[in-house]
Amino acid sequence: MSEQPRQPRRKPAPAGAGGKQAKPYRRPQKDPVRMLAFEVLRAVDERDAYANLVLPPLLRKARQDESFQARDAALATELVYGTLRRQGTYDAVIKACIDRPLREVDPPVLDVLSLGAHQLLGTRIPTHAAVSASVELARVVLGDGRAKFVNAVLRKIAAHDLEGWLERVAPPYEDDAEEHLAIYHSHPRWVVSALWDALGGGRAGIEDLLEADNERPEVTLVARPGRSTPQELLEAVGEESALPGRWSPYAVRMAEGGEPGALEAVREGRAGVQDEGSQLVAMALAAVPVEGRDERWLDGCAGPGGKAALLAALAAERGAFLLASEKQPHRARLVERALAGNPGPYQVITADGTRPAWLPGSFDRVLMDVPCSGLGALRRRPEARWRRRPEDLEGFAPLQRGLLRQALSAVRVGGVVGYATCSPHLAETRVVVDDVLKGRGSGNAPVSAELIDARPFMAGVPGLGDGPDVQLWPHLHGTDAMYLALLRRTA
């Protein structure tokens, strides 16, 4: 019998607990989709960045790798926005699964847990895949030790579906309606309270609004008059993927998503991305009749330029001049870019609307879309709901009143002012207008102006309330929650 060659001896692996052989170390595998989503969440947390600004360049970079497919981009987008929208709900679930206060969990660990919770409770990703992918991400970005903690928590979360967890972590509606809605619909309690006050009515309306805030909004385009047409945009997007606007004659909705920057009209500035509510505000201001001169228009808070570009196009049709003023230089540059190529006369300046660079009574129409909390655009910037605080409103209030007073000073007698804000909070809308008109709380004399019923200038739009001001709503109109008051100067 021939002698068999001797095999090299292998060093036995060290025994683990119970005498078992320890598994050999395996290097964690990077998942580009979840790494990208984690990177965006960290930017939002660490730098107060907005996901809609951070995500697109990261996706463009990822697409340079041919293995990164369209479905990967879609999943990364869903993970980012789904996690941010549902952060309040997921925080309540995670809190129920750990033995320490949530604030004591390191933010990067909490981001990985939230991403995992969204995959388990908010997507159709199979449980085992959601847990294993999240643990693998934790190994890459947190290390093996904390990955074990992530694994343990996610396995607890996986024990129930979303509805099951909501029944466990949210108080009954009858016991605490605002906290119930806050957890069920993932909004801070104070935001639920403010939106409910502005909306009025019972439970159904506020739940519809909160649900609409958690839906991914359509991309809406505007065909700038005299430079593009809705038909051009419909054909460019494709009949299968585009729909006409609901209310604005210049709007086209990209129902299937897509990349607006790929459209020739958008690249050339003849069209742009603009929410339909924003379009309606500019159109309403332009539609109010004024007696006599109608030659000089002002956009007093013009950045980033969407309303200014539409106003400039509407003004050009009448031979009117638009002055677009913006306090922040970088935003003023965005306005210049949006207005470039407008056929009518216009000028962009960098100026503070509370310290105007123009003489009183210089304009026939003035739009003042004031800085605000942004509570009307939570569909687009879900992280804003967690970033804002009730005390922020105190900082906006003097600025909003000052800008409205200066707008009424800038317009001539008989001219019209549009006070607009992307917030439905009463402290930023009706309260501001009432205080300025009556001279309350500022030491200023009452302003000689009267409210105009804005509803007729949004013809065909239902559910505009009792007037004279207008509040748009995501759940009723499919727009951001834009507010508009129209005022005519009387003396």
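The UniProt annotation "binding site", from an unreviewed entry, covers C301, A302, G303, P304, G305, G306, K307, E326, D352 and D369. The model discussed here is predicted. UniProt also lists C422 under "active site", again from an unreviewed entry. The points below place some of these residues in the fold and then turn to the chain as a whole and to its helices.

**Residues of the annotated binding site**

- G306 belongs to helix α15, which covers residues 306–317.
- The relative accessible area of G306 is 24%, so this residue is partly exposed.
- E326 is part of strand β6, which covers residues 321–326.
- E326 counts as buried because its relative accessibility is 7%, and buried means under 20%.
- Leaving out residues up to four places away in sequence, E326 touches C301, A302, G303, R331, A332, I349, T350 and A351.
- Among these contacts of E326 are C301, A302 and G303, which the "binding site" annotation also covers.
- The side chain of E326 reaches the backbone nitrogen of G303 at 2.8 Å.

**The annotated active site**

- Where does C422 lie? C422 is in the loop between β9 (411–421) and α19 (430–438).
- Is C422 buried or exposed? C422 is buried, as its relative accessible area is 14%.
- Not counting residues up to four places away in sequence, C422 touches D369, C372, G374, L375, G376, A377, D480, A481 and M482.
- One of these contacts of C422 is D369, a residue that the "binding site" annotation also covers.

**A buried arginine in a loop**

- R379 is found in the loop between β8 (363–369) and α17 (384–387).
- With a relative accessibility of 7%, R379 counts as buried.
- Apart from neighbours within four places in sequence, R379 is in contact with R85, A212, D213, E215, P217, D275, P474, G478, T479 and D480.
- D480 is in contact with R379, and D480 is also touched by C422.

**The chain as a whole**

- The protein chain contains 20 helices and twelve strands.
- Its C-alpha trace spans about 115 × 55 × 40 Å along the principal axes.
- Of the 491 residues in the protein chain, 53% are buried.
- Among contacts between residues at least 6 apart in sequence, 71% join residues at least 24 apart.

**Helices α4 and α5**

- Helix α4 (residues 87–96) packs with helix α5 (residues 107–121) at an angle of about 105 degrees, and their axes are 10 Å apart.
- That angle makes α4 roughly perpendicular to α5, because angles of 65 to 115 degrees count as roughly perpendicular.
- On the α4 side, the contact is made by Y90, D91, V93 and I94.
- On the α5 side, the contact is made by L110, L113, S114, A117, H118 and L121.
- By class, the contact of α4 with α5 has seven nonpolar, two polar and one charged residues.
- An α-helix has 3.6 residues a turn, so residues three or four places apart point the same way.

**Helix α10**

- In helix α10 (residues 189–199), the residues W190, V191, V192, A194, L195 and W196 are buried.
- Which helices do the buried residues of α10 pack against? The buried residues of α10 pack against α9 (177–184), α11 (203–213) and α18 (392–410).

How values were computed: Residues numbered from 1 in each chain as written. Predicted model: local features only at pLDDT ≥ 70, side-chain atom pairs only at ≥ 80, totals over all residues. Heavy atoms only, no water. Axes fitted to C-alpha atoms, helices over the stretch in contact; angles between N-to-C directions. Helix = DSSP H or I, 4+ residues; strand = E, 2+ residues; numbered from the N terminus. Parallel < 35°, antiparallel > 145°, perpendicular 65-115°, else oblique. Contact = heavy atoms within 4.5 Å. Nonpolar A, V, L, I, M, F, W, Y, C, P; charged D, E, K, R; others polar. UniProt positions renumbered as here; feature names shortened; annotations may be inferred. Buried < 20%, exposed > 50% of the residue type's maximum accessible area, 1.4 Å probe, protein only. Polar contact = N/O pair within 3.5 Å; in protein donor to acceptor, adjacent residues only side chain to side chain.
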